[in-house]
Amino acid sequence: MPEVLKAPLVVEFPFTRSLGPVQSAFLTGLRERVVLGVKTGDGRTLVPPVEYDPVTADEIRDLVEVAPTGTVTTWAWNHEPRRGQPLDTPFAWVLVRLDGADTALLHALDAPAPDAVHTGMRVRIRWAEERTGAITDIACFEPYEGEAVEPGGHDGAFEDAVHGIVAHARLDYTYSPGRAQTAYINALSSQRTFGERCPSCRKVYVPPRGACPTCGVATSEQVEVGPAGTVTTFCIVNIKAKNLDIEVPYVYAHIALDGAGLALHGRIGGIPYDQVRMGLRVEPVWTEGARYPDHYRPTGEPDADYDMYKELL
Ligand SMILES: [Zn+2]
């Protein structure tokens, strides 16, 4: 049995979101070193603020400033800070109820060791030197033994408010495709495509997942499919993706390789985008040293009959 593959995988993207009036005031406030909460119908103050009352679902807009000092309500120690976290030395994740608030805010507490942290300890905000209107304008919390600080009474109206933010989402992990897809990927490196046939319903899965989701049984019979296939359905992509060097518009299609019981995805090239159609016969195009086809191009054969692929859409 060949070794099962595994590799580091990173999924990251800039997530652009617009802010409603309450989040806009909250983040703009942080830029100005003001922490705002919102009042609910029953008189509680929520920090971080939300736009709808969690009890009545009424829209809420009554902003109120709270203090930059507060009390830790619970915490967990982070032994190994990861890239992008608020501090690069071990720290505590804390929920802090700021003075004047009824709910707690999640953030980092700069503390030398876990025995320096306890529920009920007093802390205050350490502001970031450069502030842009983001939760990171609070660099972290730090232990604080002094007097409670009175909030300034800000009403949440600011010049030059922040209306949108870009949050960088990133997941990095080790991915293992498992036994079935390892065999599939290894075969692709010699430009051959193998699926696995279900022993019960006889469907050939490409790429194989190791089991038939319909019958709930393991698949192990390897079946070579393709290399040519049929476009079963497709879309025209008009939006250029970040970090993807493909001119738009282009066509992304479902392609049922000959012998496969379901379609896989691939880009169609070698034909104007507006001439791609259901039933088009295509074959893979490999670039030097690639482990999977760069795209699929027309074979020149007559189009497949709809009845041949209607179950593979
Ligand atoms: Zn099956």
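Predicted model: local features only at pLDDT ≥ 70, side-chain atom pairs only at ≥ 80, totals over all residues.
I started with C198: at 0% relative accessibility, this cysteine counts as buried.

C198 (SG) is one of the atoms coordinating a zinc ion, along with C201 (SG), C212 (SG) and C215 (SG), at 2.3 Å. I then looked up the angles: the four donor atoms subtend 106 to 114° around the zinc ion, so the arrangement is tetrahedral. Along the sequence, the donor residues follow the spacing C-x2-C-x10-C-x2-C. C198 sits in the loop between β11 (193–197) and β12 (204–205), while C215 sits in the loop between β13 (211–212) and β14 (217–218), so this pair ties together parts 17 residues apart in sequence.

Then I zoomed out to the domains. The chain splits into domain 1 (7–170), domain 2 (180–225) and domain 3 (226–313). I noted 49 Å between the C-alpha centres of domain 1 and domain 2.

Last stop, the nonpolar cores. The largest one has 25 residues, and V35, L98, L109 and F141 have the most contacts inside it. Among the elements that each supply at least two residues to this core are α1 (21–31) and β9 (138–143). β6 gives the largest share, four residues. I also looked up L98: leaving aside neighbours within four places in sequence, its contacts include V47, P68 and L105. Apart from that core lies another, of 20 residues, including L188 and W286.

Note on methods. Residues numbered from 1 in each chain as written. Heavy atoms only, no water. Domains from an automatic or database assignment. Donors = N, O, S within 2.8 Å, 3.2 Å for Na, K, Ca; no water. Tetrahedral: all angles 85-135°; square planar, octahedral: opposite > 155°, others 65-115°. Buried < 20%, exposed > 50% of the residue type's maximum accessible area, 1.4 Å probe, protein only. Core = buried A, V, L, I, M, F, W, Y, C linked by side-chain atoms within 4.5 Å. Contact = heavy atoms within 4.5 Å.
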